[in-house]
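Subject: Handover of a structure and notes on its contents

Dear colleague,

Please find the structure that I am passing on to you below. My notes on what was found in it follow directly after it.

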Amino acid sequence: MGTGLTLPSHLAANTQENRDQIINHDLLKRNVHGTGAQACNRQGLIPPQVSQIYDELFIIHQKLQRESSAQQEYALQLQKRERCLTEQEALFFQHEGALAKIRGVEEEVHTKIAAIKEQHEAEVKQLTEALREITKENRRLKSSFDSLKEVNDSLRKQLCDVTELNKKLEDQARRVQARLENLQRKYEFSMVRKSNVLCQVVKGSKPVKQEKVMATSKTTTLPLNSQVYELLAYLMDWVSDQHLCKIKTQEEREDSHKSMVTQSSKNSCTQEKCMKVLPIATEQLQWMPYVNPKLHVPVIKFIYWSIRQLDTDMQHATMRSTMRRLGEDIFKGIVSKGNPHSSSEQSTESKSKSAAFFKSFCMPLRFLSTLIVLKTVRQVDYLAQAFESLRIDLKTDEGKALFLEYQCVPVILSHLKVSSASLLSSALDGLLQMTMESGSLQPFLEACSNESFFRTCSVLLQSSKLDIAVLEKLSVILQKLSRIKRNKKMFKLFGLHQIFRELRRTIDPGHTFLCINLNSILLNLEFLRSSSLSPSLSTSDSH
């Protein structure tokens, strides 16, 4: 039977013990009595009513036994629950101690944070003051720099004005010198003509006839001069086409190695004659505004081929000045006031005329003028405009044909130098125009298939200063040349295949176009197998 109350563990244990002892004692008595009762009952000594009572008591005894077992199990559960509560209480006390420690640490942390915050604010204040001082100093320096910049701009402007004035004075002096030389020649020519007239008078010609001759000569001076220019133009055209353009130039002689002694002597003689003719031809450009424009092309062509015959190493100081003056006249054109053939009175009355060469609308004349500028001028701005004009002209089939006709590859090669990095890309643009698919592509590749071209490319590729754009342009041209089988020895001779292998190994794979061209060159030269290429680079032949 349940008591209805939960006792403490030590009281519950003592109560249970006492109860067990009482029950065991009662059971022992009942067992003794039971056995005696049963024996008496069997013997017929106990009445049936008493026997029934004993049976009921035995049933009650069994129920009490079962309740006692249940009470024992409940006591065990209470003991387990007490142990759990004890452990939880110990853990609670432990946590409480830890929390107390944490509260102490938290106070220390707050104290340190406050100290650090004060230190940070002090440092920020100090740095702000330093920054304010530096800002003031920077403003002062900026003000000084602005004043220096203004002074520099003023000096630069003065320098530009002085330079421009100097150029104008130089042009004026050059024109005065040319005018003086023309007047001297005109005077000499008039003296010769007068001497001829005097000879005719001495021989006995009549005065009337002499007057007629003089009148006729005066009226036909200009037409005779124009006819002489026409004749000279045809002769220059003839000499250029039949003689000058067919003699091997210096660039081609370096590639052939087969020049004979007689041929070299002829070339030296031709060079000497060209050096004598060029200054005279340069002076005659001042007369071009008064000559039929159709005759300008033969004169400029003769000048171009004469320049091509000269070796720059052989030119002395006066020849270089002549070349520079020639290039400037070709680039700027000729503007003349008054007819140099006429008298001073007629010259002041006549209108000014001009002759354009580099800026001419006639492509052959403009093309030749561009080549002369590239051979004679050293100013970067002039050369940049010349290369741009050449690139535009080479977009047309006529320009490509003129490029081949005037053998322009050596002219471009002279500017393919690492030292002239600003013009290197522009020079390659002209060659790239020639690599476009057209009827001029194969002759152009043949013109480039020589030692001079490959030597120049080798020197360029060995330089570490080339940018990717220049490398790409150069690789396109060499990729076209690698298709020609006999050029393989040229690639080997100058070690280009080794340079391409090294470039292929070290180049950034992100430069896909350059990698494709390098692989294509090595494939065409049979220094690379197609199986070693990645699928993304297997389409190199299309480029």
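**A residue in helix α19**

Leu496 lies in helix α19, where helices (H or I, at least four residues) and strands (E, at least two) are DSSP runs, numbered from the N terminus. The model is a predicted one, in which local features need pLDDT of at least 70 and side-chain atom pairs count only at pLDDT 80 or more, while totals for chains, interfaces and linings use all residues. Residues are numbered from 1 along each chain as its sequence is written, and side-chain values use heavy atoms, with hydrogens and water left out.

Leu496 counts as buried because its relative accessibility is 0%; buried means under 20% relative accessible area, exposed over 50%, and partly exposed in between (1.4 Å probe, protein chains only). Which residues is Leu496 in contact with, leaving aside its neighbours within four places in sequence? They are Phe454, Cys457, Ser458, Leu461 and Phe491, a contact being heavy atoms within 4.5 Å. Between Leu496 and Cys457 there are 8.4 Å in space, C-alpha to C-alpha, although the two are 39 residues apart in sequence.

**The protein as a whole**

The protein has 543 residues, of which buried residues make up 34%. Its secondary structure comes to 20 helices and two strands. Among the contacts with a separation of 6 or more, 72% are between residues 24 or more positions apart.

The average pLDDT of the protein is 78, and 71% of the residues score at least 70; pLDDT is the predictor's confidence in each residue, from 0 to 100. Confidence is highest in α12, at a mean of 94, and lowest in helix α3 (residues 207-219), at 41. Over residues 1-13 pLDDT stays under 50, and the model has eight contacts for them beyond four places in sequence. Over residues 535-543 pLDDT also stays under 50; for this stretch the model has 16 contacts beyond four places in sequence.

**The cavity**

How many cavities of 30 Å³ or more does the structure hold? It holds one, and the largest cavity has a volume of about 30 Å³. The elements that give two or more residues to its lining are α17 (468-481), α19 (496-506) and α20 (512-524). A cavity is a set of points, on a 1 Å grid over the protein atoms alone, where a 1.4 Å probe fits but cannot get out, and lining residues have an atom within 4 Å of a point. Grid points are joined across faces, edges and corners, and a volume is the space filled by probe spheres set on the points.

The lining of the largest cavity consists of Leu461, Leu471, Leu474, Ser475, Leu478, Phe500, Leu503, Leu514 and Leu518. α17 gives the most to this lining, with four residues. By class, the lining has eight nonpolar, one polar and no charged residues. In this classification Ala, Val, Leu, Ile, Met, Phe, Trp, Tyr, Cys and Pro count as nonpolar, Asp, Glu, Lys and Arg as charged, and the others, Gly among them, as polar.

**Further residues**

Val470 also belongs to helix α17. Val470 is buried, with a relative accessible area of 5%. Leaving aside neighbours within four places in sequence, Val470 is in contact with Leu424, Ser425 and Leu428. Val470 and Ala421 are 9.6 Å apart in space, C-alpha to C-alpha, and 49 residues apart in sequence.

Thr435 is placed in the loop between α14 (421-434) and α15 (441-448). Is Thr435 buried or exposed? Thr435 is buried, since its relative accessible area is 5%. Not counting residues up to four places away in sequence, Thr435 touches Leu441, Phe444, Val476, Ile477 and Lys480.

Ser354, in strand β2 (residues 352-355), counts as exposed, at 53% relative accessibility. Ser354 touches Pro289, Ile334 and Val335, not counting residues up to four places away in sequence.

Gln407 is found in the loop between α12 (397-405) and α13 (409-413). Gln407 has a phi near 50°, a positive value in a residue other than glycine. Most residues other than glycine have a negative phi. Gln407 is partly exposed, with a relative accessible area of 24%.

**Cysteines**

The structure holds zero disulfides, a disulfide being a pair of cysteine sulfur atoms within 2.5 Å. Cys408 is buried, at a relative accessible area of 1%, and Cys515 is buried, at 10%.

With kind regards

Methods:
On a 1 Å grid over the protein atoms alone, a cavity is a set of points where a 1.4 Å probe fits but cannot get out, and a pocket is an open set with protein on both sides within 12 Å along at least five of seven lines; lining residues have an atom within 4 Å of a point.
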